[in-house]
Amino acid sequence: MTDVPPAASVEKFRDWRFGLFVHWGLYSLPARHEWVKNRERLTDEDYQPYFDHFEPDLYDPSKWARAAREAGMKYAVLTTKHHEGFCLWDSEVSDYTVAHTAWGAGKDLVKQFVEACRAEGLGVGFYHSLIDWHHPEFPIDLVHPQRDDEEAIAKAAGRDVQVYADYLHAQTRELLTNYGPIDIMWFDFSYPGRQYPDGRDGHGKGRDDWRSVELMAMVRELQPDILINDRLDIPGDFVTPEQYQPDGPMERDGVPVLWEACQTLNGSWGYDRDNLDWKSPELLVKMLVDSVSKDGNLLLNVGPTGRGEFDPRALATLASIGEWMRLHERSIRGARPAEYTPPVDARYTQKGNRLYLHLFSWPMGHVHLAGLGGKVKYAQLLNDASEIKRIENDPHQQAQNTTMGGVSSDVLTLKLPIQKPNVLVPVIELFLS
Ligand code: GLC
């Protein structure tokens with residue numbers, strides 16, 4: 001077993017920069033958050049109607065994959081099983097799968113998804129929940145739906161998490177054996193030692209429960225080129241800030257680490273009909289740019305409906321991002337952080353001798369770029385390749401009406417149009433000399 005991520009996969013992942021996360025399962029039917037079973041303390045019996053009515057007749061993952069590609073995404077990660085325990089493939093070790101629903105006899109939604117991604121040239125990842133609120137041997141703990149049900153807790157007293165771990169390992173083996181090369185394994189999540197607010201033991205779970213070291217070794221053995229995330233309670237190949245943007249390139253023990261921010265469209269991962277907390281396409285583009293400027297990826301989630309479609313709000317957002325990406329892809333794809341400090345409310349990315357200045361707010365008339373005096377041989381707006389004039393500053397210049405004073409010679413000043421270009425985030429491409 002080796003703990004070092006495969007170098008070629010790391011560079012491929014860094015070049016991708018932007019991916020699609022898909023949270024889809026039975027919780028798409030109640031359509032009020034993927035944690036609904038936990039939040040409403042639903043029993044298996046309460047939850048059964050969603051299994052009985054799972055009928056995603058419009059499921060056509062080629063549409064998902066096309067929407068992702070057109071949005072500028074390069075990979076897609078699907079929830080093969082979320083915390084509710086329902087499996088989107090015909091697992092040999094479970095009856096709680098799509099293939100056992102009335103609608104889904106003989107169906108393998110994971111297989112269709114993988115094929116659709118490959119057809120659109122997307123990398124493929126599997127999200128797989130370590131937690132399982134349906135498995136009969138998964139001990140009731142502080143995040144379990146039955147955490148307050150004394151009778152259920154008494155009945156569950158003899159549960160053996162190691163029997164569940166065998167199941168987890170067997171399913172992981174199926175997923176990484178039956179679908180060809182998989183790029184990413186995204187386990188979720190560990191909470192060792194977690195307590196109730198009053199200090200009682202919450203029976204949190206971690207590496208010993210999942211047998212994480214053994215699980216990771218098996219993943220690497222089955223898929224030598226795969227990247228594994230960091231939620232097994234042992235270090236993985238990349239770290240996964242969730243619903244926040246870090247304030248700079250991420251590190252582990254002082255060493256730069258591969259990272260991917262996972263973000264939602266409206267705060268929920270599963271389809272959440274009445275949640276109107278939608279982020280604007282402009283904000284989402286800024287989050288993508290921000291990630292790349294800090295050497296990270298953005299994994300943006302869509303929760304498809306119970307019919308199996310991306311809803312119109314999600315599609316409209318992806319289309320807006322896609323229009324921005326059509327014109328600005330080269331400031332994102334394969335880009336890395338730059339060594340220069342950007343002006344206020346701006347982000348740099350860099351590829352070779354091209355430096356990309358992303359302006360999050362549009363300044364009046366000029367923008368001053370520290371450290372770039374004498375270093376740029378040409379500048380243009382990226383969206384239309386229209387030239388941007390450069391002003392090399394003379395530190396001895398006195399401010400006079402419209403002549404610029406007080407700007408040092410290592411600063412490059414750009415002359416901007418008054419009108420902000422009609423794109424979500426304007427980008428200026430600077431050719432370094
Ligand atoms: C969390 C949640 C979950 C979601 C995940 C995505 O850990 O449990 O619902 O799938 O984050 O990062």
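The model is predicted, so local features need pLDDT of at least 70 and side-chain atom pairs count only at pLDDT 80 or more, while totals for chains, interfaces and linings use all residues. Residues are numbered from 1 along each chain as its sequence is written, and side-chain values use heavy atoms, leaving out hydrogens and water.

**Helix pairs**

Two packed helices are described by the angle between their axes and the distance between the axes. Axes here are lines fitted to C-alpha atoms, for helices over the stretch in contact, with angles from 0 to 180 degrees between N-to-C directions. Helices (H or I, at least four residues) and strands (E, at least two) are DSSP runs, numbered from the N terminus.

Let's start with helix α4 (residues 61-70) and helix α5 (residues 109-119), which pack at an angle of about 40° with axes 8 Å apart. The two are therefore oblique to each other (angles under 35 degrees count as roughly parallel, over 145 as roughly antiparallel, 65 to 115 as roughly perpendicular and the rest as oblique). Among the residues of α4 that meet α5 (contact means heavy atoms within 4.5 Å) is Trp64, and Phe113 is one of those on the α5 side.

Helix α10 (residues 281-293) and helix α11 (residues 312-328) have axes that come within 9 Å and cross at roughly 50°. α10 and α11 are therefore oblique to each other. From α10, Pro281, Leu284, Val285, Leu288 and Val289 meet Thr317, Ser320, Ile321, Trp324 and Met325 of α11.

**Salt bridges**

The whole structure holds 31 salt bridges (a side-chain nitrogen of Lys or Arg within 4 Å of a carboxyl oxygen of Asp or Glu). Here are some of them.

| Pair | Closest N and O atoms |
|---|---|
| Arginine 220 and aspartate 237 | 2.7 Å |
| Arginine 231 and glutamate 242 | 3.0 Å |
| Aspartate 290 and lysine 294 | 2.8 Å |

Arginine 220 and aspartate 237 are both buried (under 20% relative accessible area, with exposed over 50% and partly exposed in between, using a 1.4 Å probe and protein chains only). Aspartate 290 and lysine 294 are buried too. In the remaining pair, arginine 231 is buried, with a relative accessible area of 12%, whereas glutamate 242 is partly exposed at 36%.

Finally, a network of salt bridges links Glu11, Arg14, Asp15, Arg17, Asp295 and Arg336.
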